[in-house]
2 protein chains.
Amino acid sequence: MTRQRAGVLELAVLGLLHETPMHGYELRKRLNALLGAFRAFGYGSLYPCLKDLTGRGLIAEEAFAEPAKPLAGRRSKIVYRLTAEGKEYLQDLLSQAGPASWEDDGFGVRFAFFGQTRADIRLRILEGRRSRLEERVEAFRAGLTRTRERVDRYTLELQRHGLESVEREVRWLNELIASERQAGGEPPRQPRGHTPDGAGAPATRPGGGSE
Amino acid sequence: MTRQRAGVLELAVLGLLHETPMHGYELRKRLNALLGAFRAFGYGSLYPCLKDLTGRGLIAEEAFAEPAKPLAGRRSKIVYRLTAEGKEYLQDLLSQAGPASWEDDGFGVRFAFFGQTRADIRLRILEGRRSRLEERVEAFRAGLTRTRERVDRYTLELQRHGLESVEREVRWLNELIASERQAGGEPPRQPRGHTPDGAGAPATRPGGGSE
DNA sequence: GTTAGCATGTAAGGAGTTACATGATTTT
DNA sequence: AAAATCATGTAACTCCTTACATGCTAAC
């Protein structure tokens with residue numbers, strides 16, 4: 001299992017193309033709908049990435065069957081699909097649980113593709129992230145204790161807010177982890193028809209929206 | 001007012017050195033205590049930055065008055081202080097309210113130095129950030145509405161959590177803005193009680209939220 | 001007497017960003 | 001016919017990361 005390293009964008013592109021082939025423009029929209037809250041990518045990032053992945057044989061332009069208009073010199077859409085190598089590579093990425101998958105940058109995307117990730121890996125990533133965040137909380141508190149340094153109210157407010165956000169995420173992770181454990185390694189399974197909701201649904205507590 | 005552009009690190013370094021002179025190692029600790037929840041910098045980032053700022057004459061090595069040990073070949077600490085140019089430059093940076101100050105990357109640091117920022121600028125930055133986040137919420141909802149795309153439960157959960165984080169930060173900003181308005185340009189003073197609710201997610205990630 | 005923490009750096013490079021450039025198609 | 005949106009790209013650049021390299025000093 002060759003410890004691959006890939007940027008967020010690369011993983012996201014591969015993951016999305018695994019679901020269904022797409023052209024760049026659409027990909028970007030889906031990308032930003034998926035990760036919108038965390039980051040946004042522009043075409044200046046996406047197209048070079050597609051080019052690179054194509055060059056490495058992980059994705060390929062689809063022999064397109066666009067129904068209506070294979071007409072003249074039209075700059076046609078380029079639909080990309082995952083190749084066999086691409087699929088393998090993606091699976092490889094998705095079976096890794098390391099720092100890259102729980103640090104701030106990577107976690108969001110990684111989580112987004114949990115549906116294709118093995119249950120044990122999911123758990124390790126969730127726990128990895130949690131302990132990462134707990135370290136942060138710890139360091140924070142240590143810093144607050146030796147409050148020799150006079151901090152103005154904005155600094156204080158920033159830290160308070162930061163701490164609260166982190167704690168919030170820890171609680172979220174706790175719920176997810178509990179829910180994963182409860183499901184006991186079952187495959188996530190949801191074969192397309194519909195999801196009977198209920199069974200393993202993480203986090204979303206019926207009563208409380210917020211804290 | 002020459003529209004300067006500076007990285008997060010640069011601004012943070014200048015801001016911290018404005019409070020008091022320091023050497024690199026200490027600077028890094030303070031840096032990560034300040035921004036710990038949002039990002040962390042290593043020495044590999046800091047020292048080159050200090051070098052660069054020195055080269056530009058914005059900071060300088062202090063003629064050091066280390067009391068006890070100016071002894072032999074000891075690799076002594078290098079204490080940096082802000083030069084006059086540095087102060088001017090910093091003020092210039094702090095008087096700007098543009099995208100760089102309310103995007104995910106910049107907002108945290110920018111807020112951390114609100115104590116040295118004019119009241120009207122503070123307000124514009126807070127409002128800028130809020131409307132940035134509101135755009136995001138909007139785009140999100142639009143995405144959810146056309147839920148043609150079948151999303152699995154993890155994707156959904158990620159988006160739900162992301163949305164909630166953003167909304168939370170908006171509420172936090174609302175309170176800050178109200179409090180700024182109430183103070184009506186008054187110099188900063190400790191807000192009453194302080195907000196029981198509050199967090200949002202300033203940074204880039206599920207717990208944090210960023211772009 | 002060895003780990004942990006203090007203290008300072010460099011070289012190489014990665015992952016996107018910004019600004020620009022172009023043209024087709026749909027909507028108003 | 002103008003404006004918005006779809007659609008694809010490149011060149012130059014920036015900010016920061018990673019891995020490495022060094023040595024001193026305090027604590028256990």
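How far is a phosphate oxygen of DNA strand C from an N or O atom in the side chain of Tyr25(B)? In this predicted model, the separation is 2.7 Å.

For Tyr47(B), an N or O atom of the side chain lies 2.8 Å from a phosphate oxygen of DNA strand C. For His23(B), the corresponding distance to a phosphate oxygen of DNA strand C is 3.3 Å.

Divided by class, the protein surface near DNA strand C comprises ten nonpolar, six polar and six charged residues.

Which helices supply at least two residues each of that surface? From chain A they are H1, residues 8–19, and H3; from chain B they are H2, residues 24–35, and H3, residues 43–55. The most is given by H3(B), which provides five residues.

I turn next to helix packing in chain A. Helix H2(A), residues 24–35, and helix H3(A), residues 43–55, have axes that come within 10 Å and cross at roughly 120 degrees. The two helices are therefore oblique to each other, and the crossing is right-handed. On the H2(A) side the contact is made by Gly24(A), Tyr25(A), Leu27(A), Arg28(A) and Leu31(A), while H3(A) contributes Tyr43(A), Leu46(A), Tyr47(A) and Leu50(A). By class, these contact residues are seven nonpolar, one polar and one charged.

The last pair is in chain B. Here the axes of helix H1(B), residues 8–19, and helix H6(B), residues 104–112, come within 10 Å and cross at roughly 5 degrees. That angle makes H1(B) roughly parallel to H6(B). Which residues meet between these helices? Val8(B), Leu11(B) and Ala12(B) of H1(B) meet Asp105(B), Gly106(B), Val109(B) and Arg110(B) of H6(B). The contact of H1(B) with H6(B) has four nonpolar, one polar and two charged residues.

To close, I return to the opening question: the Tyr25(B) side chain places an N or O atom 2.7 Å from a phosphate oxygen of DNA strand C.

Conventions. Residues are numbered from 1 along each chain as its sequence is written. Chains are lettered from A and ligands numbered from 1 in the order in which they are written. This is a predicted model: local features need pLDDT of at least 70, side-chain atom pairs count only at pLDDT 80 or more; totals for chains, interfaces and linings use all residues. Side-chain values use heavy atoms; hydrogens and water are left out. Axes are lines fitted to C-alpha atoms, for helices over the stretch in contact, and angles run from 0 to 180 degrees between N-to-C directions. Helices (H or I, at least four residues) and strands (E, at least two) are DSSP runs, numbered from the N terminus. Angles under 35 degrees count as roughly parallel, over 145 as roughly antiparallel, 65 to 115 as roughly perpendicular and the rest as oblique. A crossing is left-handed if the near helix is turned anticlockwise from the far one by less than a right angle, and right-handed if clockwise. Contact means heavy atoms within 4.5 Å. Ala, Val, Leu, Ile, Met, Phe, Trp, Tyr, Cys and Pro count as nonpolar, Asp, Glu, Lys and Arg as charged, and the others, Gly among them, as polar. A polar contact is a pair of N or O atoms within 3.5 Å; within protein, one must be able to donate a hydrogen and the other to accept it, and residues adjacent in sequence count only if both atoms are side-chain atoms.
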